[in-house]
Amino acid sequence: MSGRAQAVTSTVADVALSRRFGWVWWIALLASGALVLLLGYTLISVAILGVGVWGVNIPFVWGFDLINYAWWIGIANGASLFAAILVLRRHGLRTAVNRFAEGVAFFAVICAGIFPIVHLGRPWLFYWVFPYPATFQVWPQFRSTLTWDFWAISTHAIVTSLLWYVGLIPDLATLRDRARTRAAKRVYGVFALGWRGSVRHWAYHQRAYRLVAILVLPLILIMQSTVAFEFAVTLVPDWHETRQPLHFVATGLAQGLSIVLLVAVLLRWGLRLGRYIDEEDVDLLGRLVLASALVSGYLYLDEIASALLAERIPQEATFNRITGDYAGLYWMSIVYSIVIPQLLWLKAARQSTVAGIFVGISIGVGIWFDRFSIIIGGLQTDYLPSIWRTYAPTLPETGLFLGTLGLFAALLLLFVRFLPVVSMFETRHDEHEEASS
Amino acid sequence: MTQAPYGVMAEFKTPDALLAAVRSAKRAGYTRFDAYSPFPLPDLAEELGVRTTVIPWIAFVAGLIGAGLQYGAQYWMNAVDYPLNVGGRPLDSWPAFIPATLIVAILWAGAATLIGLLLILRLPRLHHPVFAVHGFERASNDRFFLCILGDDPLFEDNETRGFLEAQSPMIVREVPACG
């Protein structure tokens with residue numbers, strides 16, 4: 001067993017500690033770094049010129065901003081939910097993917113958080129949503145879903161980052177002990193907080209870790225519902241539906257799982273971690289993605305059924321989304337997030353790297369179209385015909401979205417480069433249990 | 001006069017050998033010792049009498065405080081200090097205060113658990129006597145250690161060393177006190 005534990009540690013730790021990382025990583029980092037620069041440029045231009053540089057106007061007051069916010073939150077919540085369930089079920093798969101599922105969740109929250117802040121128009125005053133004793137002596141309006149959102153995003157960011165970091169501490173200690181250079185030893189050592197592997201510490205660590213994983217479950221259901229409430233509590237005919245939270249939770253889960261599948265397949269291929277993320281793991285992930293795509297499909301049917309039962313104006317609004325100016329988005333979301341994942345019924349597709357990448361991206365794109373369809377298509381036929389018009393994102397909005405994609409990719413690349421992507425101590429533990437059974 | 005050592009440490013190759021050594025240390029009457037392992041060993045933690053029930057209590061109490069503060073703050077700010085009538089709804093419109101209350105309860109419970117964990121473990125503590133032991137860096141990799149502390153009532157340098165050597169370890173080393 002000792003020799004195998006050694007193998008786990010060196011394969012995973014040496015990835016993080018190696019001096020050279022290959023040109024593919026560098027090119028990917030340069031490309032995503034360029035997008036991060038674009039993000040900086042678009043953020044500054046919005047700050048200086050105002051939200052007028054965006055294509056938003058009544059009735060489309062949110063536009064791209066909320067589409068991309070809801071999309072990133074979906075990824076964050078889906079990935080968090082997946083990581084939490086793996087921890088709680090003590091499933092063998094968790095050793096392979098829960099560390100980077102948590103990483104994906106954390107980075108996605110960072111990307112999501114950018115949008116509501118910039119869209120305030122004067123982003124430097126974002127702290128006004130926080131209840132502090134202001135000179136105006138007016139408190140925030142807590143009945144507004146936007147203040148719920150403030151609590152939800154900040155809570156998700158704090159809890160996910162803490163959970164991710166606390167789970168990393170023992171592995172950071174391993175990196176500290178294996179680092180070859182003094183600087184690396186110092187840096188990993190400081191972040192490992194002096195972890196020494198005491199059995200008492202392990203017992204507390206595991207208990208706390210599992211407990212916070214339990215807390216994440218209700219958190220993300222509430223959070224995704226909060227995003228949905230932003231639509232449901234308005235009087236817009238297509239949005240004012242009690243089914244919205246369910247739709248957002250279920251499609252968000254499909255989206256989060258598909259991104260985890262995509263990252264798992266890429267890591268398996270790029271870092272040759274096939275032994276630790278084995279075929280069975282990827283197969284199981286594929287089945288989960290397929291199941292969640294089927295649930296999304298059910299909810300699309302539910303949407304049509306609800307519309308058929310609704311009064312005339314909400315019914316027309318929903319059917320306008322399916323057949324009107326933005327019908328393309330609706331049908332694309334069905335093709336990408338429901339039809340294409342049906343490929344995963346085939347065992348060969350579940351085990352193929354190309355199919356994993358293809359389906360992972362496809363669902364991500366599909367849910368993005370779904371959010372676009374709800375947020376733009378849903379607003380098109382409001383009660384007042386005088387505001388019926390169309391919306392298209394401008395270049396600064398597109399740049400902002402591409403920029404967050406770059407930021408996400410850059411954070412993920414740095415994570416893969418400097419931290420253990422697979423939980424080393426859990427893999428050791430599992431191998432030990434296998435060896436002794 | 002030389003300073004009393006922090007303890008004596010034995011290195012083992014397998015968790016089972018460590019567990020056996022801990023059991024015989026308990027039989028021999030030692031009470032102050034600690035075990036180190038590269039991954040969690042629940043059986044051994046039980047043997048050492050570690051009770052972690054304080055963790056869920058921290059989460060529960062912190063969650064209640066967070067929920068109480070958040071609901072109270074919302075009620076006081078929107079119904080008492082600056083009452084704002086929106087569409088004729090009651091000032092204490094409690095259903096609208098529930099989502100943020102639940103979320104903040106989770107924030108308090110989660111943050112208190114993880115930060116409380118570090119306080120209970122007395123981390124961060126970058127320096128510790130065990131780190132001075134040659135070969136201890138493998139405690140984060142593939143080796144298992146038992147350290148009998150110098151402040152154990154039964155601790156006597158040579159005797160304790162002899163006891164550990166009888167547990168068929170790979171090696172026994174003294175852990176010097178620091179400072």
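This is a predicted model: local features need pLDDT of at least 70, side-chain atom pairs count only at pLDDT 80 or more; totals for chains, interfaces and linings use all residues.
**View 1. The order of helices and strands in chain B.**
Start at the N terminus of chain B and follow the chain along: the elements come in the order β-α-β-α-α-α-β-α-β. Counting them up gives 5 helices and 4 strands. Chain B is more spread out than a compact globule, because its radius of gyration is 25 Å, well over the 16 Å that the globule rule gives for 179 residues.

**View 2. The surface and the inside of chain B.**
How many of the residues in chain B count as buried? The share is 49% of the 179 residues. The accessible surface of this chain is about 8800 Å², and carbon and sulfur atoms make up 60% of that area. Look for the charged side chains too: chain B carries 13 positive and 17 negative ones, and the centres of these two sets are 3 Å apart.

For residues 96–121, the end C-alpha atoms are 39 Å apart, with 96% of the span in helix and 0% in strand.

**View 3. B:Asp92, in a loop between two helices.**
Find the loop that links helix 3 (54–81) and helix 4 (94–120) of chain B, and you will find B:Asp92 there. Is B:Asp92 buried or partly exposed? Its relative accessible area is 31%, so B:Asp92 is partly exposed. Leaving aside neighbours within four places in sequence, B:Asp92 touches B:Tyr71, B:Tyr75, B:Ala79 and B:Phe97. B:Asn78 is 14 residues away from B:Asp92 along the chain, and their C-alpha atoms are separated by 7.6 Å.

**View 4. A:Asn77, a residue in a helix of chain A.**
Now move to chain A, where A:Asn77 sits in helix 3 (residues 64–89). A:Asn77 counts as buried because its relative accessibility is 4%, and the cut-off for buried is under 20%. Which residues is A:Asn77 in contact with, leaving aside its neighbours within four places in sequence? They are A:His156, A:Ile220, A:Met223 and A:Gln224.

Note on methods
Residues are numbered from 1 along each chain as its sequence is written. Chains are lettered from A and ligands numbered from 1 in the order in which they are written. Side-chain values use heavy atoms; hydrogens and water are left out. The radius of gyration is taken over C-alpha atoms; the globule rule is 2.2 Å times the number of residues to the power 0.38. Buried means under 20% relative accessible area, exposed over 50%, partly exposed in between (1.4 Å probe, protein chains only). Accessible areas come from the Shrake-Rupley method with a 1.4 Å probe; for residues, only the protein chains shown count as cover. Lys and Arg count as positive and Asp and Glu as negative; His and the chain ends are not counted. The place of a charge is taken as NZ of Lys, CZ of Arg, CG of Asp or CD of Glu. Contact means heavy atoms within 4.5 Å.
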